[in-house]
Structure formats: C-alpha cells, structure tokens
Amino acid sequence: RDLVFGGIFTLVRREMASCLVDEGSGYATATRFACDVVAAALATAMSSPFNYARNIMYAAPSSGPKMTTLGVVGALVVEAARQPTALTRVMFLQRNLKIGVATLRVALSMAMASTTYHLCKSR
C-alpha cells in the first residue's frame, strides 16, 4: 500500500512538475501546488484498494477463514461488476473505497506540506 502510494505520488508529481512548472514565471509555486494535489489524489485513489482490503481483513474474526488482499479486492471487483450500470459500478467502488472528501483532504495536506517545505528551503 505504501509502495503504491509513494511510487505513484513521486512519479506523477515529478513528471507533471517537469512538464508544467516554469521556475521563471510568477506561477511556479501555484503550478507545483496543483501538481502535488493531483499526484496525491491519484496516489490516494490508487492505493485505496489496499486500504480497503486491510480494513476488511482487520475487521474479520480471527477464527474465520484466512483472507488475502487479492481475495478481498477480487470479491470487491466481482461485486462491482454485478452492478447494473457503469455509473452504479463507479459509485459502488467510490463508496466502498472511500474515495471522496478524505482523498481531497490528503491531497491538499500533502501539497501544503510540500509548498511549505519549498518556501522554507528557498529562504
């Protein structure tokens, strides 16, 4: 889960910033902030199946059958596929993976921390 989050965040952040941030412009800080928000939101969404599986496995009684991450995520995908329309499939996954306001909170917090670091480093 941490590998997925960190890898996606670092890769997307670096690649977006290298394409979009112009250090000579007056918008470099704002552009870097936007890149960090997008990277953190994407990384959070992509690591959410691992968080979902961890939570389901922790909530299961220890006397029950042994669960695996792949099995839990697979069952989620099967249940999503049973939904009648594409929209209800997406909504089902969004609801179960908890992608929403908390994802935005993580993204904004990561971007704010990064911006603060860059501003302190440049002084």
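What covers the buried residues of H3? I found that the cover includes H2 and H4, where contact means heavy atoms within 4.5 Å and buried means under 20% relative accessible area, exposed over 50% and partly exposed in between, with a 1.4 Å probe and protein chains only.

**Ground rules.** I am reading a predicted model, in which local features need pLDDT of at least 70, side-chain atom pairs count only at pLDDT 80 or more, and totals for chains, interfaces and linings use all residues. I number residues from 1 along each chain as its sequence is written, and side-chain values use heavy atoms, with hydrogens and water left out. My helices are DSSP runs of H or I with at least four residues, numbered from the N terminus.

**Confidence.** I checked pLDDT, the predictor's confidence in each residue from 0 to 100. The chain has a mean of 91, and 100% of its residues reach 70 or more.

I compared its length with the expected span, which is 1.5 Å times one less than the number of residues. The 13 residues of H3 should span 18 Å, and the end C-alpha atoms are 18 Å apart, which agrees. I listed Val-72, Leu-76 and Ala-80 as the buried residues of H3. Seen down the axis of H3, these fall within an arc of 75°, so they line one face of the helix; the arc is that of the directions from the helix axis to the C-beta atoms. On the face turned away from the buried side of H3, I noted the exposed residues Leu-70 and Ala-81.

**Aromatics.** I looked for ring pairs, meaning rings of Phe, Tyr and Trp (its six-membered ring) with centres within 6.5 Å; planes under 30 degrees apart count as stacked, over 60 as edge-to-face and the rest as tilted. The structure holds one such pair. The ring centres of Phe-5 and Phe-9 are 6.0 Å apart and the planes are at 10°, so the pair is stacked. Phe-5 and Phe-9 sit four residues apart in H1, about one turn of the helix, and both are buried.

**Cores.** I then asked which residues make up the largest nonpolar core. I take a core as a set of buried Ala, Val, Leu, Ile, Met, Phe, Trp, Tyr and Cys residues joined through side-chain atoms within 4.5 Å. The nine members are Phe-5, Phe-9, Val-12, Val-37, Ala-39, Ala-40, Ala-43, Ala-107 and Ala-111. H1, helix H2 (28-59) and helix H5 (101-121) each give at least two residues to this core, and H2 has the largest share, four. Apart from this core I found another, of seven residues, among them Tyr-52, Ala-53, Val-72 and Leu-97. Leaving out residues up to four places away in sequence, I saw Ala-39 touch Phe-9, Val-12 and Arg-13.

**H5.** This helix has 21 residues and reaches 30 Å from its first C-alpha to its last, close to the 30 Å expected. Which residues of H5 are buried? I noted Thr-103, Ala-107, Ala-111, Ser-114 and Thr-115. Down the axis of H5, the buried residues fall within an arc of 100°, so they line one face of the helix. The cover over them includes H1 and H2. The face of H5 turned away from the buried side carries the exposed residues Val-101, Arg-105, Tyr-117 and Cys-120.

**Ala-107.** I zoomed in on this buried residue, with its relative accessible area of 0%. Ala-107 touches Val-37, Ala-40 and Ala-41, not counting residues up to four places away in sequence. The C-alpha atoms of Ala-107 and Val-37 are separated by 4.7 Å, though the two are 70 residues apart along the chain.

**Lys-98.** My last stop was the loop between helix H4 (86-97) and H5, where Lys-98 has its place. H4 has twelve residues and reaches 16 Å, close to the 16 Å expected. Just after H4, Lys-98 takes a positive phi of about 60°. Most residues other than glycine have a negative phi. Lys-98 is exposed, with a relative accessible area of 63%.
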